[in-house]
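Student: Before we start, I would like each label in this discussion set against its cut-off.
Tutor: Then we take the terms one at a time.

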Amino acid sequence: MLVIIIVLGLDVAWCYHAGEDVPSWFKTALLVVAVIVTFASMYIFPLLARFENTLKEVFKNSLFMAMLSIVRTVFMMACWLIPVVVAFAAPQIFPVVFCLGLSGPVFLNALLYDKTFKRFEPKEEADEQPDDWHVEVEESEEETEEDAEE
């Protein structure tokens with residue numbers, strides 16, 4: 001992932017310094033790839049924390065989850081961009097943004113991740129067998145007869 005980000009960064013720097021010589025289709029393709037990589041990277045660490053997968057499966061699943069729940073992914077990206085925009089637009093409230101600018105988006109993204117991950121988790125079946133802490137007490141016939149006589 002780091003290699004992909006470095007290559008994208010070098011491409012953006014090249015486009016910036018080349019000016020008008022870069023075709024517009026290349027700039028558009030670069031923007032699309034950058035957005036897809038950004039969306040997929042938002043799911044990598046939560047996937048590592050929640051599921052057991054190989055590295056290849058984590059990258060593949062993060063890309064699929066980002067694309068399959070695109071609306072939530074856009075909201076998650078907005079959660080990260082709002083504190084940055086507010087910090088630059090209104091520097092007077094920078095202390096508030098400093099305090100809530102990291103923890104707020106993390107909390108909101110965790111709520112959105114939870115809904116997304118529940119779609120992909122296997123459904124738990126109700127077990128008919130009791131757990132380890134369950135003890136069934138069987139009454140003997142003598143005790144039930146004594147209770148009936150009283």
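Tutor: Contact means heavy atoms within 4.5 Å. By that criterion, and not counting residues up to four places away in sequence, Leu47 touches Val58, Asn61, Ser62, Met65 and Phe117. The model is predicted, so local features need pLDDT of at least 70 and side-chain atom pairs count only at pLDDT 80 or more, while totals for chains, interfaces and linings use all residues. Residues are numbered from 1 along each chain as its sequence is written, and side-chain values use heavy atoms, with hydrogens and water left out.

Student: How many helices and strands does the protein chain have?
Tutor: The protein chain has seven helices and zero strands, where helices (H or I, at least four residues) and strands (E, at least two) are DSSP runs numbered from the N terminus. Along the sequence the pattern is α-α-α-α-α-α-α.

Student: What makes Asn109 count as buried or exposed?
Tutor: Buried means under 20% relative accessible area, exposed over 50%, and partly exposed in between (1.4 Å probe, protein chains only). Asn109 is found in helix H6. Its relative accessible area is 1%, so Asn109 is buried.

Student: Which label does Pro46 get?
Tutor: Pro46, in helix H2, has a relative accessible area of 17% and is therefore buried. Leaving aside neighbours within four places in sequence, Pro46 is in contact with Tyr113 and Phe117. The C-alpha atoms of Pro46 and Asp114 are separated by 9.5 Å, although these residues are 68 apart along the chain.

Student: What about Leu102: buried or exposed?
Tutor: Leu102 has a relative accessible area of 56%, so Leu102 is exposed. Its place is in the loop between H5 and H6. For the chain as a whole, 21% of the 150 residues count as buried.

Student: How many aromatic pairs are there?
Tutor: A search of the whole structure finds six. Rings of Phe, Tyr and Trp (its six-membered ring) pair if their centres lie within 6.5 Å; planes under 30 degrees apart count as stacked, over 60 as edge-to-face and the rest as tilted.

Student: Why is the pair of Tyr43 and Tyr113 called edge-to-face?
Tutor: The centres of Tyr43 and Tyr113 are 5.7 Å apart, and the planes stand at 65°, so the pair is edge-to-face. Tyr43 lies in helix H2 (residues 24–50) and Tyr113 in helix H6 (residues 103–120), so the pair ties together parts that are 70 residues apart in sequence. Both Tyr43 and Tyr113 are buried.

Student: Why is the pair of Phe94 and Phe98 called tilted?
Tutor: With 6.2 Å centre to centre and 35° between the planes, Phe94 and Phe98 are neither stacked nor edge-to-face, so the pair is tilted. The two are four residues apart in helix H5 (residues 94–100), so they are separated by about one helical turn. Phe94, at 42% relative accessibility, counts as partly exposed, whereas Phe98, at 62%, is exposed.

Student: Which residues do ring pairs link into a cluster?
Tutor: The cluster contains Tyr43, Phe51, Tyr113 and Phe117.

Student: How do you know that H2 is roughly perpendicular to H4?
Tutor: H2 and helix H4 (residues 70–89) pack at about 85°, with their axes 10 Å apart. Axes are lines fitted to C-alpha atoms, for helices over the stretch in contact, and angles run from 0 to 180 degrees between N-to-C directions. Angles under 35 degrees count as roughly parallel, over 145 as roughly antiparallel, 65 to 115 as roughly perpendicular and the rest as oblique. The angle therefore makes H2 roughly perpendicular to H4.

Student: What makes a nonpolar core, and which residues have the most contacts inside the largest?
Tutor: A nonpolar core is a set of buried Ala, Val, Leu, Ile, Met, Phe, Trp, Tyr and Cys residues joined through side-chain atoms within 4.5 Å. The largest has 13 residues, and Met42, Tyr43, Leu47, Met76, Tyr113 and Phe117 have the most contacts inside it. Two or more residues come from each of H2, helix H3 (55–68), H4 and H6. H2 gives the most, with five residues.
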